[in-house]
Amino acid sequence: MAMKLFANKILLADGWAAEQTLTIEQGVITDITQGYVAGAERAKGVVIPGMVNCHSHAFQRAFAGFSEQGSEGKDSFWTWRSIMYKFIEQLSAKDAQVIATQLYIEMLKMGYTRVAEFHYLHHDIDGGNYPHLSAMAQAIFSAAKQSGIGLTLLPVLYRFSGFGPKAPNDGQKRFINSVEQFNHLITECFEIASTHDNSNVGIAPHSLRAVDKDSLSAAVTHVRALDANAPIHIHIAEQQKEVDDCIEHYGQRPVQWLLNNADLDKHWCLIHATHINEEERQGIISSQAIAGICPTTEANLGDGIFPTDEFLLENGTFAIGSDSHISVNPIEELRWLEYAQRLSKQQRALLANSEQKSVGLNLWQRAALGGAQSTNSNTGELAVGKQADLLVLDDKQLRLFAHDDDHLLDSVIFASQQNLIQDVMVFGRWAIQDGKHALEQVSADDFAELLAKLSA
Ligand SMILES: [Zn+2]
C-alpha cells in the first residue's frame, strides 16, 4: 500500500525544495509532487536523506571506552587490538546479537539508516565451527531486522596474522577460514539475505596483512559470480607499521599494491586509506573506488589523517563509518572530517567548493551518496526510484539556528549540541518516532545485563 509524506522543507537530489509530497510504495519513492496531496502524513520538520555507515564492527560497541587508560605514552592501535582480542574471547552468538541490536538502534536514533557490517567474528569461542558457518552472520541479520536498519553484510576473509604469510595467532582463532570455507559462508549469507528485506551481501578481505594474492582473488571471483556488483571492502593503510611491513614484503605500499594487483572499481571501498601518497590518491580516484573514512575512530586509535581536502578537490568519492563505535554519530564524523583538515592546514571551510559553498551540505550529500555506492544500495538521496530512507529534523530545535537553507546543515553539523533527529524512516517504515525506538528499553536492558556479565 502506498503511503504519502508531506514535507514543508526537504533536501532532494537536486537541492532544497519547499512543500513536497512523496509517494512511497514498497519502501521506494515512486512520485514527488509539489504541494500537499490529500491524505498525506505531515513530516514534523525538515526532511533530509539518511546516512549510510560504511564501516562497523558491531561487537566493538561493547568495549568502547574500555581502553582509554594511558600507560606512559605506550598505547597504540596495537595495544588497543590486544584488549579487543581479550574481550571477544567471551562473546557468544546471542551476545553478538544483543550488542548489534543495541548498536543499530543507537545508529538509527543518530541518523544512520544503513550499515555496512565488516563482520569477522565467525567461529565459536574455542575457534571451532558452529554447526552452521553463518551462525554469527545470522545474529547480525537478526539484529538488523529487529532494529529496522538496512544491512550490507560483509563477511571478512581472514587468513594470516601478518605478511609472509605468518600463521594466525590464538587471538584470531574465531576469524580464520580457508578460502573454500569462506566462499561457502558467503553462499550461505546470500541465501539468508534473500529472505531479509533491505539487505545485501558483499565481502571484506580483512587487510593485506591477513590475506594473500591468491586468496584475495579466489574470494573476489566467488562473490562476483553471485553478484557482479557486490561491495568489496578492505582495511588498507591504517597504520604506518602496516605500510612499512607491506613495503618490506611486497616492495610496494598497500594502496599501490592493491592498485597493481586487484581490479578496483566503484564497488571497492578502501577503509582507512590513511597513509597514501599523491600517486596512490590519484590511483584510487581514477579506479572509482571509495575512500571509507572513520574520523573519530582514526583519531581515537591514533591512526593519522586521510588527505580529505586534496581527495575531494580531485572529485574522489568518500563514505563515513563509525568503525569501533567510540562515537555513533554521523554529525560528529563529518565535523571531525573537516576539523582534522582545519587543524593540520590552519585554514577553514576546506571541504566545500565553488559549486557547493556550504561545508555541511556538501559533506552530508557526498557522504550519503558515497555510502550508498559503498553498499551498492538504492539509497543516499531522495529522488523518484530511490529508497525512502530519510530523517526528520526537529523543527523546535532548528528554529534556534539560522533558518535559511544555505546554513541549515552547517548549523546542524557544527553548532548543535543535541540530537536534532526526531523521526527516522527506513525503507518506507518509521524506525524512530519522536526520538524513540519501539524496542529501545528492552534492548538497553539486555545490553546493560550483558555488559555487567562481561565485566564481572
Ligand atoms: Zn575496521
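This is a predicted model: local features need pLDDT of at least 70, side-chain atom pairs count only at pLDDT 80 or more; totals for chains, interfaces and linings use all residues.
**His-57**

Is His-57 buried or exposed? I counted 21 other C-beta atoms within 10 Å of His-57. The cut-off for a buried residue is 20 or more, so His-57 is buried. I placed His-57 in the loop between β6 (51-56) and α1 (77-88). Leaving out residues up to four places away in sequence, I found that His-57 touches Phe-118, Asp-323 and Ser-324. I also looked at Ser-76, 19 residues from His-57 along the chain. The C-alpha atoms of the two are separated by 19 Å.

**Nonpolar core**

Next I looked up the largest nonpolar core, which has 133 residues. Which members touch the most other members? They are Ile-99, Tyr-104 and Leu-270. I noted that the core draws at least three residues from each of domain 1 (3-48 + 382-440) and domain 2 (52-374).

With residues up to four places away in sequence left out, Ile-99 touches Ala-58, Phe-59, Arg-61, Ala-62, Phe-447 and Leu-450.

**Domains**

I took the division of the protein as domain 1 (3-48 + 382-440) and domain 2 (52-374). Their C-alpha centres lie 28 Å apart. How many residues does each domain give to the contact? Domain 1 gives 22 residues and domain 2 gives 22 residues.

On the side of domain 1 that touches domain 2, I listed the elements giving two or more residues: α14 (405-415), β16 (421-426) and β17 (429-432). The most comes from α14, with six residues. Sorting this side of domain 1 by class, I got 13 nonpolar, four polar and five charged residues.

**Whole protein**

Last, I checked the overall figures. The protein has 15 helices and 17 strands. Its C-alpha atoms fill a box of roughly 65 × 50 × 50 Å along the principal axes. I compared the radius of gyration with the globule rule: for 456 residues, a compact globule would have a value near 23 Å, and the protein's 21 Å agrees with that.

What share of the 456 residues is buried? I noted 51%. For contacts between residues at least 6 apart in sequence, I noted that 75% join residues at least 24 apart.

Note on methods:
Residues are numbered from 1 along each chain as its sequence is written. A nonpolar core is a set of buried Ala, Val, Leu, Ile, Met, Phe, Trp, Tyr and Cys residues joined through C-beta atoms within 7 Å. A residue is buried if 20 or more other C-beta atoms lie within 10 Å of its own, exposed if 12 or fewer, and partly exposed in between; C-beta atoms are placed from the backbone. Domain bounds come from an automatic or database domain assignment. Two residues are in contact if their C-beta atoms, placed from the backbone, lie within 7 Å. Helices (H or I, at least four residues) and strands (E, at least two) are DSSP runs, numbered from the N terminus. The radius of gyration is taken over C-alpha atoms; the globule rule is 2.2 Å times the number of residues to the power 0.38. Ala, Val, Leu, Ile, Met, Phe, Trp, Tyr, Cys and Pro count as nonpolar, Asp, Glu, Lys and Arg as charged, and the others, Gly among them, as polar.
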